[in-house]
Amino acid sequence: TAMMLQARRLRWLSPTDLLGEPRPLRHGVGAIDSWKPPVQPPPPIRVSPGQSIQAALDRAESGQTVEVLPGEYTEALHIRRKEVRLVGVRSDGAVIADTDQPRPTLRPIDAYHAITVERVTYGTLIQGLTVDGADVGISVLGGGHSPPLAVELAQLVLTNHRKALDVDGSAPLLIGSRLANNEVGIDTRAVGSWTIEGNTFA
């Protein structure tokens, strides 16, 4: 009969038949199916006296740390469009936080800027270095980016420059550093607010 034929055509419909294939969720129930562990940064690159810091910076990936051992380095450095951490360390790997500790000293020969930091975002750090005897110690260039780009400068010693720190179109953090024997300590054309904490000027 017609009713018997109709009954034979019926079948149980699953949720997939009704709703389609389930999609992984960003949050909440089902999110565990699409969760991936955070990507760990590559191990630090260590630089010793006689080696090139710039070569290590060029080789570093965003998020990677370049560790510099105490000694003298006669080169100028350029960090551009890359979020790296340039850190002075002792031989045991401890970060040099005291401005009176032996530390790597950057003393470039015939360089206008000792360190140029250009168009970097939050996460870039320069810490535990002495920068000595250039026309400009550290130049931070933001290029009018909005929001302002930033770099953290911590526990640095900037000495014997015409300008210790030149800031243009950026919003850096200068923390726990010593600026001495410079014609100009800080020349700023900063965009937005920036932080100066616990520094000494002489």
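User: What is the mean pLDDT of the chain?

Analyst: This is a predicted model, where local features need pLDDT of at least 70, side-chain atom pairs count only at pLDDT 80 or more, and totals for chains, interfaces and linings use all residues. Residues are numbered from 1 along each chain as its sequence is written, and side-chain values use heavy atoms, with hydrogens and water left out. The pLDDT is the predictor's confidence in each residue, from 0 to 100. In this chain 76% of residues reach 70 or more, and the mean is 81.

User: Which element has the lowest mean pLDDT?

Analyst: Strand 1 (residues 45-47) has the highest mean, 97. At the other end, with a mean of 47, is helix 1 (residues 2-9).

User: How many strands does the chain have?

Analyst: Helices (H or I, at least four residues) and strands (E, at least two) are DSSP runs, numbered from the N terminus. The chain has 3 helices. Its strands come to 18.

User: What share of the chain counts as buried?

Analyst: The chain has 202 residues. It exposes about 11,700 Å², with carbon and sulfur atoms supplying 54% of that area. The areas come from the Shrake-Rupley method with a 1.4 Å probe; for residues, only the protein chains shown count as cover. The buried share of the residues is 39%.

User: How many salt bridges are there?

Analyst: A salt bridge is a side-chain nitrogen of Lys or Arg within 4 Å of a carboxyl oxygen of Asp or Glu. By this rule the count is 8.

User: Which residue meets R46 in a salt bridge?

Analyst: The N to O distance in this pair is 2.9 Å. The partner lies in strand 2 (residues 65-68) and R46 in strand 1, so the bridge ties together parts 21 residues apart in sequence.

User: What is the closest N to O distance between R80 and E118?

Analyst: R80 forms a salt bridge with E118. R80 lies in strand 4 and E118 in strand 7 (residues 113-118), so the pair joins parts 38 residues apart in sequence. R80 is partly exposed, at 42% relative accessible area. The closest N and O atoms are separated by 3.4 Å.

User: Which residue meets R90 in a salt bridge?

Analyst: The N to O distance is 3.0 Å. R90 is partly exposed at 33% relative accessibility.

User: Which backbone nitrogen does the side chain of E75 reach?

Analyst: E75 sits in the loop between strand 3 (71-73) and strand 4 (77-80). It counts as buried because its relative accessible area is 15%. Leaving aside neighbours within four places in sequence, its contacts include Q51, S52, L106 and P108. At 2.6 Å, its side chain reaches the backbone nitrogen of I53.

User: How far apart in space are A76 and G137, C-alpha to C-alpha?

Analyst: A76 lies in the loop between strand 3 and strand 4. It is partly exposed, with a relative accessible area of 35%. Not counting residues up to four places away in sequence, A76 touches Q54, P108, A111, H113 and A114. A76 and G137 are 61 residues apart in sequence, but their C-alpha distance is 9.7 Å.

User: What is the relative accessibility of K163?

Analyst: K163 lies in strand 13 (residues 163-168). Beyond neighbours within four places in sequence, K163 is in contact with D135, V136, G137, V184 and D187. K163 counts as buried because its relative accessibility is 15%.

Note on methods
Buried < 20%, exposed > 50% of the residue type's maximum accessible area, 1.4 Å probe, protein only. Contact = heavy atoms within 4.5 Å. Polar contact = N/O pair within 3.5 Å; in protein donor to acceptor, adjacent residues only side chain to side chain.
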